[in-house]
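Hi everyone, thanks for making time. I'd like to walk you through a couple of spots in this one, so let's get it up on the screen.

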Amino acid sequence: MAWPDENKRAHVAPRRFWPGGLALVLCMLAGCSPVSRGSLQSIRLAMHGERVDPTAESVASSPYYQLQVNTPGGEAILILAKTEQGRLGWYGTGNDIVFTRDGLIVKTVGLPQNLDDSAFPQRDPFREGLQHVTAPIDYARRLDWSPGYRYGNVLQAHLVPGATEDIDILGTVHRLRRIDEHLSGPGVDLANRYWIDPVDGFIWKSRQYVAPGYPVEAIQLRPYRGNAP
């Protein structure tokens with residue numbers, strides 16, 4: 001996947017990740033908290049691709065937290081449908097789900113290549129807050145991928161703070177600090193990138209590999225910045 005121009009305005013193409021599975025989404029919505037509860041109408045809008053070119057006005061007019069996700073197989077707007085102990089579940093119109101924690105993608109469902117689990121054996125700089133990263137740091141990450149049951153992959157990670165950049169999201173320019181992450185292990189060499197609020201470390205935009213050869217770009221259109229119950 002060729003990464004889009006960094007200054008390109010966030011947009012959504014009229015494509016979906018994966019067909020079917022609406023019942024699953026509605027079931028999950030029924031059990032979520034009031035702050036993240038969607039509606040049948042909002043799911044229909046996403047399913048039929050009516051949000052093909054979101055604007056600041058259209059995003060603000062909806063009460064739902066929204067995350068744009070771009071993958072090699074398509075682009076979509078996901079709706080926050082579940083919060084649980086700091087983990088956020090962003091749901092699409094089919095079986096597509098992206099789970100994030102502290103802005104990091106920690107699990108995906110319904111993609112051709114999925115991240116089944118993400119963990120930090122020791123230090124977790126994302127939980128500590130990326131705004132505190134002022135010099136390169138090293139740590140380890142354990143990642144599980146499917147298909148193929150490629151579990152227990154412990155990768156060495158190297159995090160490097162970068163320059164401050166202007167990132168345009170829906171017509172608003174955010175002055176964000178870029179953080180680069182390099183992951184390496186046997187037969188694996190991945191490069192992730194995060195654009196964070198320099199004050200609190202909130203990740204507004206990121207480019208993360210959920211599995212080798214499968215990058216995902218995530219853009220916060222209407223971010224959830226509260227503490228999950």
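Let's start with threonine 164, which counts as partly exposed because its relative accessibility is 29%; buried would be under 20% relative accessible area, exposed over 50%, and partly exposed is in between, using a 1.4 Å probe and protein chains only. Before I go on: this is a predicted model, so local features need pLDDT of at least 70 and side-chain atom pairs count only at pLDDT 80 or more, while totals for chains, interfaces and linings use all residues. Residues are numbered from 1 along each chain as its sequence is written, and side-chain values use heavy atoms, with hydrogens and water left out.

Threonine 164 sits in strand β8, residues 150–169. Strands here are DSSP runs of E, at least two residues, numbered from the N terminus. What does threonine 164 touch, leaving aside neighbours within four places in sequence? Arg175, Leu176 and Arg177, where contact means heavy atoms within 4.5 Å. Tryptophan 195 is 31 residues away from threonine 164 in sequence, and 8.7 Å away in space, C-alpha to C-alpha.

Now over to β3, residues 87–91, where four of the five residues are buried. On one side, β3 pairs antiparallel with β2, residues 74–84, over five bridges; pairing takes at least two DSSP bridges between two strands. Isoleucine 79 has tyrosine 91 in β3 as its bridge partner. The two strands make a hairpin with two residues between them, and glutamine 85 in that turn has a positive phi of about 50°.

β3 also pairs antiparallel with β4, residues 97–101, over five bridges. That hairpin has five residues between its strands.
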